[in-house]
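Please read it with the sequence and the coordinates at hand.

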Amino acid sequence: MSSLDPRSLIAMAVFMSLVMGVVLAFMRHYYPRNIRGLREWACAPLAWALGALLHLVTSAQWLQAPLFLANACVLGGLLLFHLGCRRFLQQPDLKTVLLGIWLAALVSVAWLIWVAPSYPLRLAFVSLTIAALHAWTLALLWRHGPRRFPVRLVQATQALHIAALLVRAVTALARYQDAGLMEPSFMQVLHLGMHVTVVLLLTIGAVLMATDRVHTEFEHMATHDSLTGALNRRAILAKCQEERDRALRQPQSFSLMLLDLDHFKAVNDTHGHQHGDRVLQHFTQSVQAVLRRTDRLGRYGGEEFVALLPGTDAVAAQTLARRIHVALASGHALDCQVSIGLTGWQGVHDTVDAMLARADTQLYRAKAQGRNQTCAG
Ligand SMILES: Nc1nc2c(ncn2[C@@H]2O[C@H](COP(=O)(O)OP(=O)(O)OP(=O)(O)O)[C@@H](O)[C@H]2O)c(=O)[nH]1
């Protein structure tokens with residue numbers, strides 16, 4: 001530990017923060033615009049780099065202005081990181097509140113530098129303020145963030161830093177003696193090492209959170225129909241195949257429905273294509289509201305949809321189909337009528353293709369018998 005002097009650790013913090021700031025700035029440039037928060041996440045480590053640089057030149061000669069500015073940068077960086085998280089999670093950004101917190105903290109720091117100078121008190125105050133800001137961000141991510149590794153990494157880093165900062169605040173107050181930042185004591189080196197680690201892990205966490213979001217969005221685009229939000233043809237067929245494989249392993253029934261809107265060409269021709277699009281969206285929402293969470297709805301093509309109903313035999317599926325007809329006759333201006341062909345899994349020799357063929361035959365029958373009804377077989 002003795003070979004790590006505070007100056008080299010601070011220099012390392014400057015370098016690391018700069019690198020991570022540049023990485024995040026590049027990500028903001030290249031990532032889709034709808035991934036919000038990257039600008040603030042890029043500015044945060046740049047503020048920390050400046051703060052660390054100012055700590056290096058801190059001296060009493062210029063009325064301790066660099067020291068004050070260093071604190072302004074460190075606290076500002078944390079508030080920027082918090083703001084980035086708010087924007088990323090599409091929460092109200094509370095810019096005025098954050099600015100108010102920053103100014104109030106700076107007034108207190110200024111007081112402890114120039115009016116009632118005390119290094120231990122200032123150290124305790126800044127440590128507790130940083131801990132509080134971490135706790136706030138941690139709670140925000142807990143409430144609104146996805147339960148995934150990148151978010152957990154940021155939270156674990158913040159929890160660790162909060163613990164270290166509390167120890168630091170208590171020891172600073174307990175000893176209540178003046179000691180400089182550059183004092184090569186065990187605690188000082190530990191604190192600076194922790195700062196370097198926290199900067200690195202928080203910014204890596206931000207990089208991972210943004211990348212994870214891009215990945216999730218691309219995956220969604222690749223598997224969902226952009227107009228209705230239902231699964232696309234490839235994805236629903238893959239789900240059907242998965243369900244059939246599952247049924248082979250642990251015999252449990254499942255059913256398939258083919259749903260085809262009635263006279264949809266006439267809807268388009270009479271009211272226009274955009275109205276037709278809205279009818280398709282309303283149809284999807286109405287059907288999804290009837291289905292259970294484990295059921296899947298996919299757009300098979302045009303105005304034809306497939307519903308996969310795990311753990312549901314053909315009899316139960318008919319009850320569901322009746323509910324769909326009722327839901328689509330709610331009196332809503334975009335209500336439409338639908339014909340449904342349904343079939344249940346018939347055991348180990350049955351395949352998805354065979355089930356779709358049977359459902360199609362039943363759909364054809366429903367159309368032939370006058371539409372707006374369900375046939376099963
Ligand atoms: N607005 C809109 N229309 C679509 C879309 N996809 C397919 N269609 C239209 O859906 C209509 C389907 O017409 P048909 O296959 O003749 O079926 P239909 O008029 O519903 O008649 P039946 O199925 O026999 O009741 C066509 O006019 C397509 O242009 C879409 O994404 N948006």
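Predicted model: local features only at pLDDT ≥ 70, side-chain atom pairs only at ≥ 80, totals over all residues.

1. Residues are numbered from 1 along each chain as its sequence is written.

2. Five strands form an open sheet in the order β2-β3-β1-β4-β5, with mixed pairing (strands are DSSP runs of E of at least two residues, helices runs of H or I of at least four, both numbered from the N terminus; two strands pair if DSSP finds at least two bridges between them). The edges are taken by β2 (296-301) and β5 (374-376), each of which has a single partner strand, so one side of each is left without a neighbour in the sheet. On average, neighbouring strands of this sheet are turned by 20 degrees against each other, direction ignored.

3. Strand β1 (residues 254-261) pairs with β4 (residues 338-344) in the antiparallel sense over seven bridges, with L258 opposite G341 and M257 opposite L342. Seven bridges also join β1 to β3 (residues 304-310), again antiparallel, and here L256 has L308 as its bridge partner.

4. Eight of the eight residues of β1 are buried, so this strand is largely enclosed by the rest of the structure (buried means that 20 or more other C-beta atoms, placed from the backbone, lie within 10 Å of the residue's own). In a regular strand the side chains alternate between the two faces of the sheet. In β1, F254, L256, L258 and D260 point one way, while S255, M257, L259 and L261 point the other way.

5. Helix α12 (residues 352-368) lies across β1, β4 and β5, and runs at about 145 degrees to β4 (axes are lines fitted to C-alpha atoms, for helices over the stretch in contact, and angles run from 0 to 180 degrees between N-to-C directions; contact requires C-beta atoms, placed from the backbone, within 7 Å).

6. The ligand is surrounded by 17 residues, the closest being D262, F264, K265, G276 and G302 (a residue counts as near if its C-beta atom, placed from the backbone, lies within 6 Å). At least two residues of this shell come from each of β1, α9 (264-271) and α10 (273-290).

7. Helix α7 (residues 186-223) has 38 residues and reaches 54 Å from its first C-alpha to its last, close to the 56 Å expected at 1.5 Å a residue (the expected span is 1.5 Å times one less than the number of residues). Its buried residues, among them H191, L202 and R213, pack against α1 (6-30), α2 (38-57), α3 (65-88) and α6 (149-175).

Definitions and conventions. Buried ≥ 20, exposed ≤ 12 C-beta atoms within 10 Å, placed from the backbone. Contact = placed C-beta atoms within 7 Å.
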